[in-house]
Amino acid sequence: MIGIFLDIETNGLNPFKHKVLEIAFCLIDVETGKELDSYTSMVYQPKSIWNSSDKESLKINGLSFQEVEKGQSEENVKNDILYCFKKHGIQRGKSVFICQNPSFDRPFFAQIIEPEEQERLLWPYHWLDLASMHWSRALERNKHCKGDLPWELGLSKDKIAKAYKLDSEETPHRAINGVHHLIECYRAVVGFNSSHHRS
């Protein structure tokens with residue numbers, strides 16, 4: 001099974017108004033933890049889109065228009081992803097998306113590759129979120145040793161990292177750093193076969 005660990009940086013929170021500025025993912029064999037491939041790209045957006053940016057979102061990712069202006073077109077990014085997924089046989093039943101917050105990432109990913117095309121290619125429609133994995137683990141631990149409850153620990157990726165004594169994600173947030181931090185948190189919360197975290 002291949003995990004598509006994915007992170008996206010945008011110029012706001014509304015996928016009907018805002019756009020993808022940066023996208024990154026790593027393909028990981030979730031049984032062994034082996035990295036099979038990785039991808040990261042800035043995504044070009046015109047000045048008109050940039051001008052509609054939410055300033056708080058730009059503070060978080062630290063991106064500038066000069067960087068975005070040099071990004072690849074959405075079409076080129078789409079073709080890169082199509083090539084990579086085809087190369088590794090990405091299909092439902094054999095792979096799954098893993099994000100910190102799929103309710104955010106999934107609609108923005110659909111700006112690059114439309115849902116109809118994802119369906120035609122039989123890509124996975126399961127988008128798993130780290131927060132739910134952490135929630136389940138924290139409740140299980142609480143049953144056995146009365147540890148903190150998930151809502152007491154917090155559900156942001158940095159709060160999850162802190163609960164497992166990991167560093168916070170580097171700031172400003174960039175997509176590939178977010179992916180690497182996501183994998184590190186997943187390793188601690190769920191684990192890969194040889195590195196399964198038990199407590």
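# A tour of the model

Start with strand 2 (residues 20-29) and strand 3 (residues 35-42): seven bridges join them, and they run antiparallel. Strands are DSSP runs of E with at least two residues, numbered from the N terminus. Two strands pair if DSSP finds at least two bridges between them.

This is a predicted model, where local features need pLDDT of at least 70, side-chain atom pairs count only at pLDDT 80 or more, and totals for chains, interfaces and linings use all residues. Residues are numbered from 1 along each chain as its sequence is written, and side-chain values use heavy atoms, leaving out hydrogens and water.

**The hairpin.** Select I28. Opposite I28 stands E35 in strand 3. Now pick G33. In this hairpin, with five residues between the strands, G33 takes a positive phi near 85 degrees.

**The cysteines.** Show the sulfur of C26. Why is there no bond to C84? The sulfur in C84 is the closest cysteine sulfur, but it is 9.8 Å away, too far for a bond. A disulfide needs two cysteine sulfur atoms within 2.5 Å. By this rule the count is zero disulfides. C99 is in none either; its nearest cysteine sulfur, that of C26, is 12 Å away. C26 is buried, at 0% relative accessible area. C99 is buried, with 0% relative accessibility. (Buried means under 20% relative accessible area, exposed over 50%, partly exposed in between, with a 1.4 Å probe and protein chains only.)

**Helix 4.** Select residues 74-87. Helix 4 has 14 residues and reaches 20 Å from its first C-alpha to its last, close to the 20 Å expected at 1.5 Å a residue. (Expected span: 1.5 Å times one less than the number of residues. Helices are DSSP runs of H or I, at least four residues.) Colour V77, K78, I81, C84 and F85: these are its buried residues. Look down the axis. They fall within an arc of 135 degrees, so they line one face of the helix. The arc uses directions from the helix axis to the C-beta atoms. On the other side, Y83, K86 and K87 are exposed.

**The rings.** The structure holds 13 aromatic pairs. (Rings of Phe, Tyr and Trp, using the six-membered ring of Trp, pair if their centres lie within 6.5 Å; planes under 30 degrees apart are stacked, over 60 edge-to-face, the rest tilted.) Select W135 and W151: a tilted pair, 5.3 Å centre to centre, with 50 degrees between the planes. W135 lies in helix 7 (residues 130-145) and W151 in helix 8 (residues 150-153), so the pair ties together parts 16 residues apart in sequence. Finish with F25, Y39, F85, F97, F109, W123 and W127, which ring pairs link into a cluster.
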